[in-house]
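Here are some notes to read alongside the model on your screen. Take them one point at a time, and keep the view open as you go.

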Amino acid sequence: MKTMDIRIHRGLEQIGGCITEISTATSRIFIDMGQNLPGVGEVTTADQDWQMVEDLFSQNRKEHEAVFYTHTHEDHIGLFRYVPDDVPQYIGEGAKEVMVAKYESIIEAILKVNKANRFKLKTDDCNEQKVSMEQAETRAPNHNAMLERIKSFKTWGRPKPHSAPRPIEEGDIRVTPFFCSHSAYDCYMLLIEADGKRIWHTGDFREHSYLGKGLMPTIKHYATDIDVLITEGTMLGRTDQCIHEREVSRKMALAMEAFKFVVVLASSTDIERLASIKQAARLAKKDYYISNRFIKKTMSIFTRREASVSKGLFDFHPKFMRPSDGNATMRNRGFVFIASASQLGFVKQLLEGLDPTEVLLIYSAWDGYYKAPEQVKANPFYKQFRDAFNNVVDIHTSGHADRATIAKVITAINPKESIIGIHKDPGTTLKSLDIPEVLKVKVKE
Ligand SMILES: [Zn+2]
């Protein structure tokens, strides 16, 4: 008897906190084990998160079990630490490297704070460390243990161009990862084959970017004969214009030409955005600098893994600054400095004595971080960072597919049985998309 079952534990009526379970009589997999985003869905404590994952793994147990992660954003991977030790966890090889770098950086930052406290030194750039210390007070304070756990993750590699990825088998479930573009590094859609059914899980994805050009060829070639489509719908309720990543870069270059000193607030793990910034700085004839250890690590991972295959697009050679470095050259020639929201103290030091009319902040992150009160309450660093500048310009594009792209993917896949929308705002529906009536009937929400 065929018993394949799909359960969406979280994510139907909220963005983030995604957990999807697919099971057969003998096997089951989870796709993502995400933390709720601040201000989205129910606010949960670390204890509640742990209890929820405990419950998930104590019910519906199967002989073969595994967790597969689509990408490294916290709302997809944040609860990995609570997964039982004997359950294998899988992720892309590059994504794992970024996670290892993240936890190594947190541990280094904590050690630095501990050392500073011991000598009663005052550190200026300690927001990042404060975050780490707060994280350290939660249920699983042992970052070393978390790092070891990440190191134990199993991985899949990305196949060479024009070759098919290999499936991974857990009991009688087969999972095949397909590389896609999103605002994190090394992201995947998944094809799940179980009990004769084919399920396509999109993870988070987009088309309007350098790597996004592979989206429709992948869908058309591999997402064939699909029974159930599970798709993200982040942008269903948003009217944001999704400009292409190339356009982001072009706008940045103009801004970098207009101002001598430019700070760009951007994610350290968004390889495509970092490429846009790098290209823009080159056009504006400015050097680009960093000072954060995590971005130093991610850029070197990206360069080692991607520079040659991307023909130099993802080849990063930033200048690295230490807080003690003098910045005479930077003051004379101008600069582009790539910062994270936790580096306000360092940036203030960097800008000291500069003419504020010559300084620009390019805010290159989601605007909800400074506009939405619940976001600001949960994490005030973005707003504080932005408020510290007289001149600010927003140059950004979403990591998620716009409405037209989601409609195009649904229509191309044309699943036989049903379409499930996850990772979407409450009250939004895939039925509102410009898709054929026959497909609207298949939308299950
Ligand atoms: Zn994401």
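1. What radius of gyration would a compact globule with 445 residues have, and what does the chain have? A compact globule with 445 residues would have a value near 22 Å, and the chain has 22 Å, so the two agree. Please keep in mind that this is a predicted model. Along the principal axes, the C-alpha atoms fill a box of roughly 75 × 50 × 40 Å.

2. Next, the parts list. The chain has 16 helices and 19 strands. Of its 445 residues, 44% count as buried. Take the contacts between residues at least 6 apart in sequence: 74% of them join residues at least 24 apart.

3. Now find the open sheet with strand order 1-2-3-4-5-6, whose pairing is mixed. Its edge strands are strand 1 (5-10) and strand 6 (154-156), each pairing on one side only. On average, neighbouring strands in this sheet are turned by 25 degrees against each other, direction ignored. As a reminder, strands of a sheet pair through backbone hydrogen bonds, either parallel or antiparallel.

4. Both kinds of pairing can be seen around strand 3 (residues 27-31). Strand 2 (residues 19-23) runs antiparallel to strand 3, with four bridges joining them, and the two form a hairpin with three residues between them. Look for S23, whose bridge partner in strand 3 is R28. With strand 4 (residues 64-68), strand 3 pairs in the parallel sense over five bridges; here I31 stands opposite F68. Further along the sheet, strand 5 (residues 89-92) and strand 6 run parallel and are joined by three bridges, with G92 opposite W156.

5. Is strand 3 enclosed or open? Five of its five residues are buried, so strand 3 is largely enclosed by the rest of the structure. In a regular strand the side chains alternate between the two faces of the sheet. In strand 3 both faces are covered: S27, I29 and I31 are buried on one side, and R28 and F30 are buried on the other.

6. Most residues other than glycine have a negative phi. D32, although not a glycine, has a positive phi of about 70 degrees, and D225, also not a glycine, has a positive phi of about 55 degrees. D32 is in the loop between strand 3 and helix 1, while D225 is in the loop between helix 6 and strand 11. Which of the labels, buried or exposed, belongs to D32? D32 counts as buried because it has 30 C-beta neighbours inside 10 Å, and the cut-off for buried is 20 or more. D225 has 9 such neighbours inside 10 Å, so D225 counts as exposed.

7. After helix 1 comes N60, whose phi is positive, near 55 degrees.

8. With 7 other C-beta atoms within 10 Å, D86 is exposed. From D86 to H182 there are 96 residues along the chain, and their C-alpha atoms are separated by 30 Å.

9. There is also an open sheet of six strands in the order 14-13-15-12-16-17, with parallel pairing. At its edges stand strand 14 (319-320) and strand 17 (392-394); each has a single partner strand, so one side of each is left without a neighbour in the sheet. Strand 12 (residues 261-265) and strand 16 (residues 359-363) run parallel and are joined by five bridges. There, L265 stands opposite Y363.

10. Last, turn to helix 15 (residues 403-413), whose buried residues are I406, V409, I410 and I413. Why do they line one face of the helix? Seen down the axis of helix 15, they fall within an arc of 95 degrees, so they line one face. An α-helix has 3.6 residues a turn, so residues three or four places apart point the same way. The buried residues of helix 15 pack against several elements, including strand 10 (197-201), helix 6 (215-222) and helix 16 (437-442). Just after helix 15, N414 takes a positive phi of about 45 degrees.

Note on methods
Residues are numbered from 1 along each chain as its sequence is written. This is a predicted model: local features need pLDDT of at least 70, side-chain atom pairs count only at pLDDT 80 or more; totals for chains, interfaces and linings use all residues. A residue is buried if 20 or more other C-beta atoms lie within 10 Å of its own, exposed if 12 or fewer, and partly exposed in between; C-beta atoms are placed from the backbone. The arc is that of the directions from the helix axis to the C-beta atoms. Two residues are in contact if their C-beta atoms, placed from the backbone, lie within 7 Å. The radius of gyration is taken over C-alpha atoms; the globule rule is 2.2 Å times the number of residues to the power 0.38. Two strands pair if DSSP finds at least two bridges between them. Axes are lines fitted to C-alpha atoms, for helices over the stretch in contact, and angles run from 0 to 180 degrees between N-to-C directions.
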